[in-house]
Amino acid sequence: SRFQYTEELNKMGAHITAQGKTAIFNGVEKLTGAPLYATDLRAAAALLIAGIVAEGTSELHNIHFIDRGYERIEDKFASLGAKIKRKKDKSNAEIL
């Protein structure tokens, strides 16, 4: 499903309902850090951005999807003030 990532965002406090080819997003005051699992490139990028704006720490798994599409993305976001740390095994990232 192309909306698999919405379940991950809902773990952070989002209110998203997927119905067929449509996703309905209801605004929330804040997102909260959570363990997140990327399923593809676009989902990984969306979850990374959500982790950056969320309160608390998130851990993003399966970041190999990001690496396929974005070179040194953590450095680019760090230049904007984001705090991202790759785990030693490089398959996960911690978003602070």
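Start by selecting K11: in this predicted model, its relative accessible area is 42%, so K11 counts as partly exposed. E8 has a relative accessibility of 12%, which is under the 20% cut-off, so E8 counts as buried.

Now look at the side chains of this pair. K11 and E8 form a salt bridge, and their closest N and O atoms are 3.0 Å apart.

**Next stop: D67 and R86**

Select D67 and then R86. Their side chains form a salt bridge, with 2.5 Å between the closest N and O atoms. Where does each partner lie? D67 is in helix α3 (residues 64–69), while R86 is in strand β5 (residues 84–86), so this pair ties together parts that are 19 residues apart in sequence.

Are these two residues buried, exposed or partly exposed? D67 has a relative accessible area of 38%, so D67 is partly exposed. R86, at 27% relative accessibility, is partly exposed too.

Keep R86 selected and bring in E74. The side chains of R86 and E74 meet in a salt bridge, at 3.0 Å from N to O. E74 belongs to helix α4 (residues 73–78) and R86 to strand β5, so this pair ties together parts that are twelve residues apart in sequence. E74 has 18% relative accessibility, so E74 counts as buried.

Now display D67, E74 and R86 together. What links them? A network of salt bridges does, with R86 bonded in this way to D67 and to E74.

**Last stop: T39**

Finally, move to T39, in the loop between β3 (35–37) and α2 (41–53). T39 has a relative accessible area of 34%, so T39 is partly exposed.

Which residues does T39 touch, leaving aside its neighbours within four places in sequence? T39 is in contact with Q4 and F65. Select both of them alongside T39 to view these contacts.

How values were computed
Residues numbered from 1 in each chain as written. Predicted model: local features only at pLDDT ≥ 70, side-chain atom pairs only at ≥ 80, totals over all residues. Heavy atoms only, no water. Salt bridge = Lys/Arg side-chain N within 4 Å of Asp/Glu carboxyl O. Buried < 20%, exposed > 50% of the residue type's maximum accessible area, 1.4 Å probe, protein only. Helix = DSSP H or I, 4+ residues; strand = E, 2+ residues; numbered from the N terminus. Contact = heavy atoms within 4.5 Å.
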